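Work through the exercises below with the sequence and the structure at hand. Each task is followed by a solution in steps.

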Amino acid sequence: MTTHPSHRSHRSHGERLLPVDGVELCVETFGDRAAPAIVLVAGAGASMLWWDTGLCERIAARGRFVIRYDHRDTGRSTCYPPRRPGYSFTDLALDVLGVQDVLGVERAHLVCQSMFGGIGLVLGVDHPGRVASLTFVSSSTGAGDLPPPSDDLAVPPEPDPSDAAAVVESVVAGARAYAGDSPYFDPAAMRSLAERDVARARDYRSTLVNHYAVGFDGPARGGFGDIAVPTLVVHGDRDPVLPLPHGRALRDAIPGAELLVLEGAGHDLPAGVWDAFVPALVRHTGKGHS
């Protein structure tokens, strides 16, 4: 029977720069290191900060060892020149296993968001022995017959990267657009996140563009139908970027997958849906760990 940690044990253990496969990745962990590990994989262009500290603490308080990290070209991790990323999509996926190796985690539950659901696909198919379960958040199979983004989606143009204030405004505007008509969007909290994210990055010019310059090279041995670990698909019912049919299609493509629809959520995980998301994730990650 899982016991709940003390009121302080779910707190952060602090950020660390870890050597992973010849690069530096900034990693932060929460909770009991002996508990089942959950690695939070942020979406493209997103640092670890996009997994809210409060969310990480809440998951850790439910008996999980939570790991969040900065992808290459985000936050404090290794940065490459703008529009010249020196890595492949598979390299980004293998970074997850590198983090697990450094932390001594043989198998982890992976939670992968948006475009970087592809990281979960690569690891789930090519490295199933390292993956205890998968959770896809606001992601898609990418099938051509799925609905396009909402007509109302107004993504801001790329800002002048030399103007930090303009970059912050652009990040906030983009997050507002991606939230769609969600009642949970918090402009003040998003502005605080954007300011911290921009100030903390080694080079936000690279954060803005480099992940989108990397081609998807996919798993070596199959596709979504070859995922054999327990899988949960999480999707907002107001997602304007990847409308809900994308989540349903992903659920249908993976044998035995379950779908959690977050009412009122857009292409994000706002605090207003944590009461639904966290218990579902805790139940799901009770499966498949050794």
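A salt bridge is a side-chain nitrogen of Lys or Arg within 4 Å of a carboxyl oxygen of Asp or Glu. The model is predicted, so local features need pLDDT of at least 70 and side-chain atom pairs count only at pLDDT 80 or more, while totals for chains, interfaces and linings use all residues. Residues are numbered from 1 along each chain as its sequence is written, and side-chain values use heavy atoms, with hydrogens and water left out.

**Exercise 1.** Find which parts of the structure the salt bridge of Glu169 and Arg191 ties together.

Step 1. The side chains of Glu169 and Arg191 meet in a salt bridge, at 2.7 Å from N to O.
Step 2. Glu169 belongs to helix α4 and Arg191 to helix α5 (residues 187–200), so the pair links parts that are 22 residues apart in sequence. Helices (H or I, at least four residues) and strands (E, at least two) are DSSP runs, numbered from the N terminus.
Step 3. Glu169 has a relative accessible area of 42% and is partly exposed; Arg191, with 30%, is partly exposed. Here buried means under 20% relative accessible area, exposed over 50%, and partly exposed in between (1.4 Å probe, protein chains only).

**Exercise 2.** Decide whether Arg72 is buried or exposed, and locate Arg72 and its partner Asp95.

Step 1. In the salt bridge of Arg72 with Asp95, the closest N and O atoms are 2.8 Å apart.
Step 2. Arg72 sits in the loop between β4 (65–69) and α2 (89–103) and Asp95 in helix α2, so the pair ties together parts 23 residues apart in sequence.
Step 3. Arg72 counts as buried, at 6% relative accessibility, and Asp95 is buried with a relative accessible area of 1%.

**Exercise 3.** State how many salt bridges a search of the whole structure finds, and name the residues of a network.

Step 1. The search of the whole structure finds 15 salt bridges.
Step 2. One of them pairs Arg83 with Glu158, with the closest N and O atoms 3.0 Å apart.
Step 3. Arg83 is in the loop between β4 and α2 and Glu158 in the loop between β6 (131–137) and α4 (164–179), so parts 75 residues apart in sequence are tied together. Arg83 counts as exposed at 54% relative accessibility.
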